[in-house]
Every structure is written in C-alpha cells, then in structure tokens.
Amino acid sequence: MKKITTSIVIVSLLQVLFCSSAFAKDTALWQERLTELAENPKRGAAHLHRNQYRNPVETLTFFGLEPQMSVLELWPVRGWYTEILAPFLKDQGQLTVAHFRLDGGNANDERSLFWARLSSRLEQRILQQEAEFGPVARVALDPPQFIPALAPNQFDMVLSFRNAHIWDQRGHLLATMQNLYEIIKPGGVLGMVEHRAARVTELTSYAVEGYTDEAYLIAVAERVGFQLVASSEINANPKDTKDYTKGVYTLPPTLALGLEDRDYYLNIGESDRMTLKFIKPITALSIN
C-alpha cells in the first residue's frame, strides 16, 4: 500500500510540474503575441509612443489575460487598448466594448457629445476592419447602467483604463462598481488602471481634477464584494507631482495648457497610475 501511495504522489507531482511548464510556455507565447500587437506599426506613431507610459503587455499579463477569455473593455474611446485586445481574442475568445452612448445622452452637454463622436468613430473603424478586429460585440455604458442590460456572470475579465475618476465625479462610482460585480463570473477579474492621487496621510489624499485616491477606490470595490488580489507599480510615474492647474489633463496626451510649459509637461510624461487586480470570489457551494 505504501508503494502505491508513493507512486500516486509522484504521478500527481509530475502532473503539476507538467501543467506548470505548459502554462509557462503558453504565457510566454501570449506575451509574444501581445508584444507583436502592441508594437504593430499600423497603430500609428501617436499610439505607439504611449506604450512607454501605458505598458500594455506588462499590464495585460499582470491582469492574467488569456486568449480564450470573454472580456469587456469599458469606454475604449479611441481604441488604444482595443487595437491590442480585439486581435488577441478574436480566434478563441470574445471582446465586448462598452462605448459612451452614441447619441450623446444629453444634447446640451458638450463633453458627452464629444465622447459620443469618438465612440462613433471607433464603432465605424471596428466595422470597417472586421478582419483585423474580429467580431467585437458592442454595448453602451451610461454610468451606472449598461445599454442594453448585460447578463449576470457573463465575463471572465472586465478592464477599466482611467475611467473611475469620471464615475466618482458624477456620483456613480459605487453603483457602477456594483453593476461590474454582477456581470463578472465568479472567479473572474476586474483590472483597473487609474490616475493616482497624492497621499498625504493614511486617511487623506490630495486629489486635483482627474486623480483618485487609491485606498478609496479599493474600499469601494471591496464594499461591493470584490477582493483585491494584487497591485502593481507597472504604470507608476514618480515625476508626476499631481498639483497642476488643470489637474491630470495638464499632462500628455491632453496637454490642456497648450503651448504653456509644453516641454516641461512632456518631460513628465503621462500620469502616475495605480494598477489594481480584483477578483469576484467564488461563493462556496452550500450542501443541504
């Protein structure tokens, strides 16, 4: 009996080692593919220039992106990440993008109309370049609601890049996070990159326009049920002093001050950003 037990243990260990080796090999292949997509000249010089600030390969690898996943990208705007995600997922997985409302929502809100125009342009681009992007599904996100409503437990991963500060400014952060929790599968991932406010003490931060306190964002996510499993400094920028006249929009790519001190802000680069990986816990099955 002892020999049989020992054999079983050895076989189990070999299986674990084989699976670990296979996963490591897959991960290396996925990173190679992501690098190829991120550095594709078709993205254009402006988008390629931002790789140094947004670190897409490292960020998506940190979140655990795999090619067979069902992924929701929130507010892709000009499609900076969509250009990478859609081709990566098109053969085995499924990408859904949640645009701004294409009708602008409020005809008297110039900002809403501006974002609607950008979303419409990306919509047309996806349709025109279907061979490259694949069959991308599309909905709208009018915080906190999705239009049309999305089914519960639908996505393996939801990705949000620099959106949470807008939801918070509009008073919809908690409700939006609750809706994100509902549509992610148990065990699924919420990956968030966000402009990080200056921390003053353990209880306070200094947040000019566009910046969000990291502890606060984590607390809101945990309140709705998410569990923070990892954070990363992949997208950190120690040059960002976070005290500008027009907040984060002073920095590139927006450069809200125009030519005023332009070289100075270009030298700083894009904002200091938190990179947070949450999961929706798998609820234990109750046995009656």
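Predicted model: local features only at pLDDT ≥ 70, side-chain atom pairs only at ≥ 80, totals over all residues.

**Entry 1: a buried pair.** I looked up Asp272 and Arg196 first: Asp272 is buried, and Arg196 is buried too (buried is under 20% relative accessible area, exposed over 50%, partly exposed in between; 1.4 Å probe, protein chains only). Their side chains meet in a salt bridge at 2.9 Å, N to O (a side-chain nitrogen of Lys or Arg within 4 Å of a carboxyl oxygen of Asp or Glu). Through shared partners, salt bridges join Arg196, Glu214, Glu233, Lys242 and Asp272 into one network.

**Entry 2: ground rules.** Residues are numbered from 1 along each chain as its sequence is written, and side-chain values use heavy atoms, with hydrogens and water left out.

Entry 3: I got a count of 13 salt bridges. Glu270 and Arg54 form one of them, at 3.0 Å, N to O. Glu270 is in the loop between α11 (262-268) and β10 (273-279) and Arg54 in helix α3 (residues 51-54), so this pair ties together parts 216 residues apart in sequence. Both Glu270 and Arg54 are buried.

I then checked Arg33 and Glu36, whose side chains also meet at 3.0 Å, N to O. They are three residues apart in helix α1 (residues 2-38), so about one helical turn separates them. Arg33 is partly exposed, with a relative accessible area of 29%.

**Entry 4: the whole protein.** I find eleven helices and ten strands. Of the 288 residues, 45% are buried. Among contacts (heavy atoms within 4.5 Å) with a separation of 6 or more, 74% are between residues 24 or more positions apart. The protein exposes about 15200 Å², with carbon and sulfur atoms supplying 55% of it (Shrake-Rupley method, 1.4 Å probe).

Key:
Helix = DSSP H or I, 4+ residues; strand = E, 2+ residues; numbered from the N terminus.
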